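Work through the exercises below with the structure in view. Each task is followed by a worked solution.

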Amino acid sequence: MKTSVASAPGNLLWMQSGGCGGCSMSLLGAESPDLLTTIEGAGLRVLWHPSLSEACGSEFNRMLDDIEQDRTPLDILCLEGSVIMGPGGSGKFHRLPDGGVMKDRIDALARKARFVVAIGTCAAYGGIPAAGGNPTESCGLQYDGGVPGGLLGADFTSGDEMRVVNIAGCPVHPGWVTDTLMQLAAGALVEEQLDELGRPRSYADHLVHHGCPRNEYYEFKASAEKAGDLGCMMENRGCLGTQARADCNTRLWNGEGSCLRGGYPCINCTAPGFEEPGHSHLETPKIAGIPIGLPTDMPKAWFVALSSLSKAATPSRLKESATSDHLVSSSQKGRK
Amino acid sequence: MSRRVVGPFNRVEGDLEVHLDIEGDSVNAAWVVSPLYRGFEQILTGKKPQDALVYTPRICGICSVAQSAAAAAALAKLQGLEVPRNGRLATNLVLACENVADHLTHFYLFFMPDFAREIYAGEPWFTEAAIRFKAQSGTATAQFLPARAEFLHLMGVLAGKWPHSLAIQPGGTTRGVELRDQTRIKTLLFSFRRFLETHLFGDSLEAVCSWRNVADLESWRSQRPPASSDFGHFLHLADQLDLENMGRACDRFLSYGVYPQDGGHLFTPGVWHEGVTAMFDPGWIREDLTSSWMAHRDEPRHPFSGVTEPDADAPDGYTWCKAPRLAGDVVEVGALARQVVHGHSLLRELVSHSGGNVRSRVIARLLEAARVLLEMERWVDEIEPGSPFCSHGKSPAEGQGFGTIEAARGSLGHWIQVDQGKIQNYQIVSPTTWNFSPRDAADVPGALEQALVGAPVRDGEVDPVAVQHIVRSFDPCMVCTVH
């Protein structure tokens, strides 16, 4: 039986540059169904992926030449890792065997693709390699940090008249990638499905705060003080979950995880510039004891007033568990 | 004699090319090129020491936990912190999960698909190998990917996510484990054990771990058809292609030791050469920059005085990789090195017979996976819910520390120096930097460069398949190499 998806196949080329390969490693963990079944079901054919494909060396180079010289049409180009422009704009920090540099190859391929997808915050905005003094002059495909531009330029659109799709995250959740690829293959990912920074709204319209199991501590401002404490990590431990755009606590990681469930703060890894917050990632910067980075869409005075009220009303069960690495239940206390 | 560039390589985690001098039907000399530079050591300078826990896992998406554990160990030394027993067990479990998953990812996705290449189409064993191991379409991949994904649920429980977790801290781990978590982990371990026993070994892990010598292994093999397990299938292919005589390097093996437990490590640290095991002293490490695209090449430096300043036009440079040496010597690191140093009698017998080679490296990886899974079952039982997982300290304004551990693919070290509360110097020496190092000041080639000499080249081959077997037998991680 021939299904409708099988009759509209698309091919996919996955390149890597200034990244760690972690987005690929994460993607290989796709579940229900597994990655290969998902790709097949979407009607996609993997032309080449660094972890999954046989071809290397000359065979691989020929395949890229065929795309650049229009002998092979390319539907979806994915880039994982930042675009490396350095040193001095030469691109020589990522050389190719033929004497060229990777940034030029990516540019040429992007201009042949129907859709261009940035996999991870590095490819979207520059990401971790752009931290510190950005020693490799890293940028994203269509952004340099939060500023439109990057390698391809602010006005770039791919063959199907679409700007670069930015699946930001460090790493990406496998579901963000498989959803996006399936929607592209089905023609369902239209402009309105992307947010102001090019991220698919299906995950970026949510906040990491949604579904956080520490919400009760948040409500009562029962705060964690040190690594491993169960309390809310916003006041002291640098957690940005109330501002971070992702569905990490409603679409869990590796079965039942998330950063907050693992006991450590959200560092807002889907946002441009997350790599360089201007202070430690693991401490909340404060002015006069009040955290600077309060939830963005709430008047500050209200937040401060509500916080002091709820702090005064915190049940002792929460107060004690907040600074412990395991639940302190009232029944346990009764036995002591 | 002809000169040839092979690359880029895939299924090596990152970017790699190899320059070959070919004479007749074999490789005469090789130069290993890491063509990508990323600058982590520069990025870390000036940051708060604790933030190394955010940046260093992101050096590598496949050794992410190993990088994290090395950073945490370096910070613990800086702060003088002891890790409570629960924290040590949880860290061991998380690191072991990554290492075992990596060994299997290497075997099924990165290494075995090369036997399904067209160049082997005329071999009598080809059809069976291609059905099982062909990239993407092989039956093994279809079974392995779901098993791997489920095994990594252990990360979801203990580390929040994988890769790039912040759960491993200098004083232990951030995720208190309750009884329900222990129960969950045990069932995940059982499920992965079942995958290994059904598909990889076709026998119990206890049976696999009981082999003491080559005779035990051969007797096991003689009792079953070669393709009845993936391990047996590999051994059969190794015989057909004489992989035992392919890819021998320096046969000097290094391990920093890993998985701390009462009274030492599960796998002990040391250096093994010509049948003798010696102590390992981190003071003997130097990085030589003679062939690197780096400035400050005056003399080889210990990581505490190491400098990382790229120079794309450095004379005689041919790679972004530095050349680490141990007391001046080239060493090989990885699962084989780790097990030979520790004293695995079967692997020592293999090495004394034919050295480190494509076959013995793969055997070591798979036998280690079996052994570590058994240890994981023990560790999870030893966790005591309710007892502490993490101790807490403060980073001093000045000081230094280092952390040495073993990633799946070998010895990984971090060296940190702090001044006025900020990182003044951070140096990372990763496993593939050891194995894929370039020539040093004495013009001695690195381990892979040595291993490639003599590799056979078949008629008409552009990218010699033997070169690919040898390169991948090291399970290279280039993104770590070019941090």
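Just after helix 13 of chain B, B:Gly355 takes a positive phi of about 75°. The model is a predicted one.

**Exercise 1.** Find the buried residues of helix 13 of chain B and state how they are placed around its axis.

*Solution.*
Step 1. Helix 13 of chain B spans residues 345-354. To count as buried, a residue needs 20 or more other C-beta atoms within 10 Å of its own. In this helix, B:Leu347, B:Leu350 and B:Val351 are buried.
Step 2. Around the axis these residues cover an arc of only 95°, so they lie on the same side of helix 13 of chain B.
Step 3. As a general point, an α-helix has 3.6 residues a turn, so residues three or four places apart point the same way.

**Exercise 2.** Name what covers the buried residues of helix 13 of chain B, and the exposed residues on the face turned away from them.

*Solution.*
Step 1. The cover includes three helices of chain B: helix 10 (214-222), helix 12 (335-342) and helix 14 (358-382).
Step 2. On the face turned away from the buried side, the exposed residues are B:Ser352 and B:His353.

**Exercise 3.** Decide how compact chain B is for its length.

*Solution.*
Step 1. Chain B contains 18 helices and 15 strands. Its radius of gyration is 22 Å, close to the 23 Å that the globule rule gives for 483 residues, so chain B is as compact as a globular protein of that length.
Step 2. Along the principal axes, its C-alpha atoms fill a box of roughly 65 × 60 × 40 Å.
Step 3. Of the 483 residues of chain B, 60% count as buried.
Step 4. Among contacts in chain B with a separation of 6 or more, 71% join residues 24 or more positions apart.

Technical notes: Residues numbered from 1 in each chain as written. Chains lettered and ligands numbered in written order. Predicted model: local features only at pLDDT ≥ 70, side-chain atom pairs only at ≥ 80, totals over all residues. Buried ≥ 20, exposed ≤ 12 C-beta atoms within 10 Å, placed from the backbone. Helix = DSSP H or I, 4+ residues; strand = E, 2+ residues; numbered from the N terminus. Arc of directions from axis to C-beta. Contact = placed C-beta atoms within 7 Å. Rg over C-alpha atoms; globule rule 2.2 N^0.38 Å.
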